[in-house]
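Please consult the sequence and the three-dimensional view below while reading.

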Amino acid sequence: MLVEEIMKKDVITLSPSATIANALKLLRENHIRHIPIVNQDNQVVGIVSDRDVRDATASIFNTADNQQYLQQELQSIMSYPVVTAHPLDFVEEVARVFYNEGFGCLPVVSGNTLIGIITEKEMLYTMILLTGTNIQSSQIEVKVPHKPGILPEVAAVFGKRKTNITSVLMYPFNDDPNYKILVFRIQTMNPVPLIQDLRDAAMN
C-alpha cells in the first residue's frame, strides 16, 4: 500500500509569519495536532504541533504575557528541517519512520510541493486494514519451518476447503531462525475443521 492511498489531501497550513494565535485557533477549530508551515510556493519550511503552541504560551494566569506570546510569529517556534514522505513511499516503510523517530505526522511532498499529510491515526487505521481485523473473520496462527515454498503449501490447505483468506502476516518464532509463525485471517466463523486439516498436514 502506498502513502498516496491513505494520505489526507486537504491540508491545513500556515505561513511562517502567521502568529501563534492563528495556529492555536486552527488547531482547536479543526481538532488537529499538527500544522505544516509553508512558503508562498507551498514548500514545507517547518511544522508546528499543539505541544509547540502549549510550550510557547505563557501561564493562563498571566493574561498580559499570554497575549504577548500569542502574537509571536510561528517561525520562532516551528520545527525545521522537516522530515517528509513521498506519495509513492510504502506505508510499511513510513510506519518504521514513525516508530523510530517518534513522529506524530509526516507531510507528503512531491516535487518539493506539499500535496498531503499522513498522521498516526491514518497509520493505525492502515495497519487495521492490512491485518484484516476490520472484517468479520477468524484468525489462525501456524508455526512453520522457515523455508522456501512454505506459504503456498499452507495456503493450499485453506484452498481445499474453499476458504477465503483475507490477510496473511508473518512474524519470527521466539529467537529460533528456523521457524516462523504464519497468521491467517479467514472468512469463516468455524475454523475447527481447518485447524484439524493443518494438524493432519503436519508441516514441520
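Strand 1 and strand 2 pair in the antiparallel sense over five bridges. Strands here are DSSP runs of E with at least two residues, and helices are runs of H or I with at least four, numbered from the N terminus; two strands pair if DSSP finds at least two bridges between them. The model is a predicted one, in which local features need pLDDT of at least 70 and side-chain atom pairs count only at pLDDT 80 or more, while totals for chains, interfaces and linings use all residues. Residues are numbered from 1 along each chain as its sequence is written, and side-chain values use heavy atoms, leaving out hydrogens and water.

| Hairpin | Residues between the strands | Turn residue with positive phi |
|---|---|---|
| Strand 1 and strand 2 | five residues | Asn42, about 60 degrees |
| Strand 6 and strand 7 | two residues | Asn174, about 50 degrees |

Five of the six residues of strand 2 are buried (under 20% relative accessible area, with a 1.4 Å probe and protein chains only), so this strand is largely enclosed by the rest of the structure. Gln43 lies in the loop between strand 1 (34-38) and strand 2 (44-49). Beyond its neighbours within four places in sequence, Gln43 is in contact (heavy atoms within 4.5 Å) with Ile37, Val38 and Asn112.

**Helices 5 and 6**

In helix 5 (residues 91-101), the buried residues are Val91, Val94 and Phe98. Viewed down the helix axis, these buried residues fall within an arc of 60 degrees, taken from the directions from the axis to the C-beta atoms, so they line one face of helix 5. They pack against helix 1 (3-6), strand 3 (105-110), strand 4 (113-119) and helix 6. Gly102, with a positive phi near 70 degrees, follows helix 5.

Thr126 has its place in helix 6 (residues 120-131) and is buried, with a relative accessible area of 1%. A polar atom of the Thr126 side chain lies 2.7 Å from the backbone oxygen of Glu122. Leaving aside neighbours within four places in sequence, Thr126 is in contact with Met1, Ile6 and Val91.

Technical notes: Buried < 20%, exposed > 50% of the residue type's maximum accessible area, 1.4 Å probe, protein only. Polar contact = N/O pair within 3.5 Å; in protein donor to acceptor, adjacent residues only side chain to side chain.
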